[in-house]
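Good morning, and thank you for joining. Please look at the sequence and the structure as I bring them up.

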Amino acid sequence: MNDRNSHASFRSGMPFLSLLVFACLLLLGSGCASRAVIQPPVIPPSSSAGPDASVSEILFSQFNAWKGVRHRIGGTNRQGVDCSGLMQAIFRESFQVELPRTSREQSRMGQRVETGQMRPGDLVYFTDKGGDHIGVLVADRTFLHASASRGVILSTLDAYWWPRLRRVQRVLS
């Protein structure tokens, strides 16, 4: 093989090699990134939920404060939030209750409740599209959650959600 062919061969492999080096550096850099968790600011429920407000009123107030916030995996604040991050923030802000970070851990908090005994403030845990999902019951069949496609919303335990409901946990006494 002459020098000209080996040089042309080497040059044709350069874009791939450059891309490979860049990808390795990117992965290395993300592995070294800070893992600090920035806690969301404590924002009290709006004035419509006074000191004698019911759990339902407090949760509707929280919905008004969070509605429209987009879904972001791993998100814990109003810049973007996932379902378990939303539950963590709402329970901290409204009830001074610290929940674990993941929906699976949250689904094991408190006391298990039969579906016929559900009340506002109970955590509702689902298996949806192969993954875990969690929300909080706000009223009779209405729950608050962070939808992957629609952000923070209210949904009903309807023909879609009811069959996916796996557990109800009471964390508020």
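This is a predicted model: local features need pLDDT of at least 70, side-chain atom pairs count only at pLDDT 80 or more; totals for chains, interfaces and linings use all residues.

Residues are numbered from 1 along each chain as its sequence is written, and side-chain values use heavy atoms, with hydrogens and water left out.

Let us begin with helix H3, residues 83-95; helices here are DSSP runs of H or I of at least four residues, and strands are runs of E of at least two, numbered from the N terminus. In H3, 13 of 13 residues are buried, meaning under 20% relative accessible area with a 1.4 Å probe, protein chains only. Just after the helix, Gln96 has a positive phi of about 55°.

Which residues touch the most other members of the largest nonpolar core? They are Leu86, Phe91 and Val152, in a core of 26 residues; such a core is a set of buried Ala, Val, Leu, Ile, Met, Phe, Trp, Tyr and Cys residues joined through side-chain atoms within 4.5 Å. H3 supplies the largest share, 7 residues.

Finally, Ser94 belongs to helix H3 and is buried, at 12% relative accessible area. Its side chain makes a polar contact with the side chain of Gln62, at 3.1 Å; a polar contact is a pair of N or O atoms within 3.5 Å, where, within protein, one must be able to donate a hydrogen and the other to accept it, and residues adjacent in sequence count only if both atoms are side-chain atoms.

Key
The expected span of a helix is 1.5 Å times one less than its number of residues. Buried means under 20% relative accessible area, exposed over 50%, partly exposed in between (1.4 Å probe, protein chains only).
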